[in-house]
Amino acid sequence: MSQNKNASSLLWGATALGGLGVLATYLLAGHERFWANWILWFVLMFTLGLGALFIVALEHLVSARWSVPVRRIPERIATLLLPAIPVGLIALCAIPVLYPGARPEAAHHPILAGKAFWLSLPFFSVRTLIAFALCVLGLAVLVGGSLKQDTTRDPAFNFRARKFAPAFMAIFALVITLIAFDWLSGLTPEWYSDIFGVYVFAGAFLSGLAATTLSVLYLQDQQRLEGVRGDHLFNLGGFLFAFTVFWSYIGFAQYMLMWYANLPDEVIYYKVRLAGAWRVITISLALLHFILPFFALVTRAAKKDPKRLRQVAYLMLGAHVLDMYWLIFPVLGKPHFSWPELSFALFFLGGILLWLRGAMEKGEDMPVGDPFLREGLEFRL
Amino acid sequence: MSETMPASERSYAVLGIFDTPDALMQAIPKVRASMLGAVEAYTPYPIHGIDDALGLRKSPLGGMVLVMGILGALTAFGFQYWISAVDYPIITGGKGAGSWEAFIPIMFEVTVLFATFTAGLGMLFLLNKLPFFGHPVLSSKAMSSITRDRYALALEAEDESFDSGAALRALQAAGALEVEVLPAPDRSPFLTSDFILRVLGGIFAACVVSGLAMYFATKWFPLLKPMVYMQDQPRLNAQKPSGFFKDRHGMQRPVAGTVARGHLPTATGTQDAAAALVNPLPRTKEIFAVGRKAYANRCEVCHGALGNGAGSLTAAYGGKPANLQAQQFRDYPDGKIYWAIVNGKNAMPSQAADLTDAQRWAVVHYVRALQRAQNAKDEDLKVATP
């Protein structure tokens, strides 16, 4: 218990220290840098929460049984969407600073003038608010209903969730596409890519999976989640493995088509990211987000080895941070990394971990009211 | 009794039949502990945990698939790199020779191809040793119930010292409801290397025989033509000799001073001699349209849309096409322009192969119109009366 308290006060301390750094960034390092960092962490929190919510919805959509015993974990991670909403509301202040489409000069820009209404501050904000409202709806139905089922033990929730899941998939696609197009590719509004939303989805799902895997292993270390075995871990590992390939497939397909066509307004996105120090980051992204986890998880034994899974899950979360950094930070020019970025990382990581620790202690560790829990515990490969 | 047991009395295995998967699973460690032979289970459906209980080795298939997949990727990369960067380096679409980005889709496909073929064929032929002539267990009396609702455990003979009596007792002690001794088949049911060699040898021999037969058949009995009439007609063929003319050429030059039917006189002599030719085409809208189109297709890239020698290719080649608006060319008779189209001039190649007689003369009309348009006189401003 004392160790727990120690960890907790350490996290609070790190968050407070990071908070000071965040303030100092605003005052000393320039608004553009402050907002770029802010958007990075808003997108990271949001994609992590949404990715976790997607895992929950996926289980209901396909009536998966194996994942019932671990479902409470992504449900808890999905609640990160709640603190992500105020972070996102504050991020709306960044729109006139960082997003060229919302600045007054856009009216005279030959390309942006045609998209002026879509990129304008009011409509941008309205879309973000709609996305937030849809997320809260998804959380209320899928996570709220599941938590309530712990006490009511009412199987009606399963039917409701199964009916809601297909609708949520449409909602999810809309939300993640809006967030990806507005907040990420909105930084370079002359550039466009149809597949960009899917690319961000792949990263979001992977980060949700990695966080779920880590949390399952964390709870297993504390002798909680009794009955969750290597078979369950194998499925999580298999998903992680499969979606590293999916991410690189989408990422490379987008790159290759633009590289081939060589149209100036498309290829500029990669021109920036393949020049100077960004080139190193691009290559390491391919290594860390695809090559390394692919070969780390390729064998059957690795997918159920807790040690290996923990390493790969940390790696995937780190790679997702790098991925989003790679999408956002070229807007500032050359790669920035020093005390402002570290302060933001401390502040937000501390906050996220505090939130998740709180969530992990709340209520039951498994959906005990779910009639399929037993079947899920008996799952074997 | 002879000293060696006849083959039929040696046994392949002893089968013990159980009626629940649990009974089978409980029996496996006991039978394995007896160390009497290899333990194998036959069940109507996969049973969870049976691999671990039987102590099966990890399948080597995954490793084979990984190696072949990587080999596939390298093969595809190597082929494409060799073709596009070494053997015939060519720049397509502005991409340098050996652009790896373009190779990735093919590499992906070939990786999948190699990996799936290895997985499928490796499982069937290498690991499961298909095809075989009939597994000995298939001939057991219990086989029909094993495929339905019984679970069999087999103690299989590993060498000559296999004691079927002891195996029988071990299985019974482990709780088998029925036991059955399977006699060893008189020869291996699996494809032995000997058999495979004989099959491959047979195929090779058949290839050699048919190849030699084909070679000598075509050599000794030359090809007979079934229908000679159309192939060997008495007619003049292009580029072929003929006995009809004195010089034994199938193709003859046109007789000097003549024009073939349906053709216009053409310019074969010098440009000055061609000055006498007269444009046979009338100046109608249709003819101008033909000339304009032909000019746009064949002439404009160099001579320019206005005929002033500033075409879109001029800069790229660094040449200086004739400025048709120059006084020299405005003074040219029609025939000299026509001659240049037919024979080419300086760096300009002949257009004879690409433009028909009528098109050439139409271009001449069009060039005249271009020259007139750039050097209009006052009288040209008068509206033509219909």
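UniProt positions are given here in the numbering used for this structure, with feature names shortened, and such annotations may be inferred rather than shown by experiment. An unreviewed UniProt entry places the feature "transmembrane region" at residues 61-83, 103-127 and 195-217 of chain B.

This is a predicted model, in which local features need pLDDT of at least 70 and side-chain atom pairs count only at pLDDT 80 or more, while totals for chains, interfaces and linings use all residues. Residues are numbered from 1 along each chain as its sequence is written, and chains are lettered from A and ligands numbered from 1 in the order in which they are written.

**Overall form**

Chain B has 14 helices and 4 strands; helices (H or I, at least four residues) and strands (E, at least two) are DSSP runs numbered from the N terminus. The C-alpha trace of chain B spans about 125 × 60 × 45 Å along its principal axes. Its radius of gyration is 44 Å, whereas a compact globule of 386 residues would have one near 21 Å. That radius is taken over C-alpha atoms, and the globule rule is 2.2 Å times the number of residues to the power 0.38.

Chain B is divided into domain 1 (7-198) and domain 2 (271-376), with bounds from an automatic or database domain assignment. The C-alpha centres of these two domains of chain B lie 78 Å apart.

**Two of the annotated spans**

| Span of chain B | Helix and strand | Distance between end C-alpha atoms |
|---|---|---|
| Residues 103-127 | 100% helix, 0% strand | 33 Å |
| Residues 195-217 | 100% helix, 0% strand | 33 Å |

**The sheet and its helices**

In chain B, 4 strands form an open sheet in the order 2-3-1-4, with antiparallel pairing. Its edge strands are strand 2 (38-42) and strand 4 (178-183) of chain B, each of which pairs on one side only. From one strand to the next, the twist averages 25°. Two strands pair if DSSP finds at least two bridges between them. Strand 2 of chain B is joined to strand 3 (residues 151-156) of chain B by 5 bridges. In strand 3 of chain B, B:Ala152 is the bridge partner of B:Tyr42.

Helix 1 (residues 21-34) of chain B lies across strand 1 (11-18), strand 2 and strand 3 of chain B, and runs at about 15° to strand 3 of chain B. Helix 6 (residues 164-173) of chain B lies across strand 1, strand 3 and strand 4 of chain B, at about 15° to strand 1 of chain B. Axes are lines fitted to C-alpha atoms, for helices over the stretch in contact, and angles run from 0 to 180 degrees between N-to-C directions. Two residues are in contact if their C-beta atoms, placed from the backbone, lie within 7 Å.
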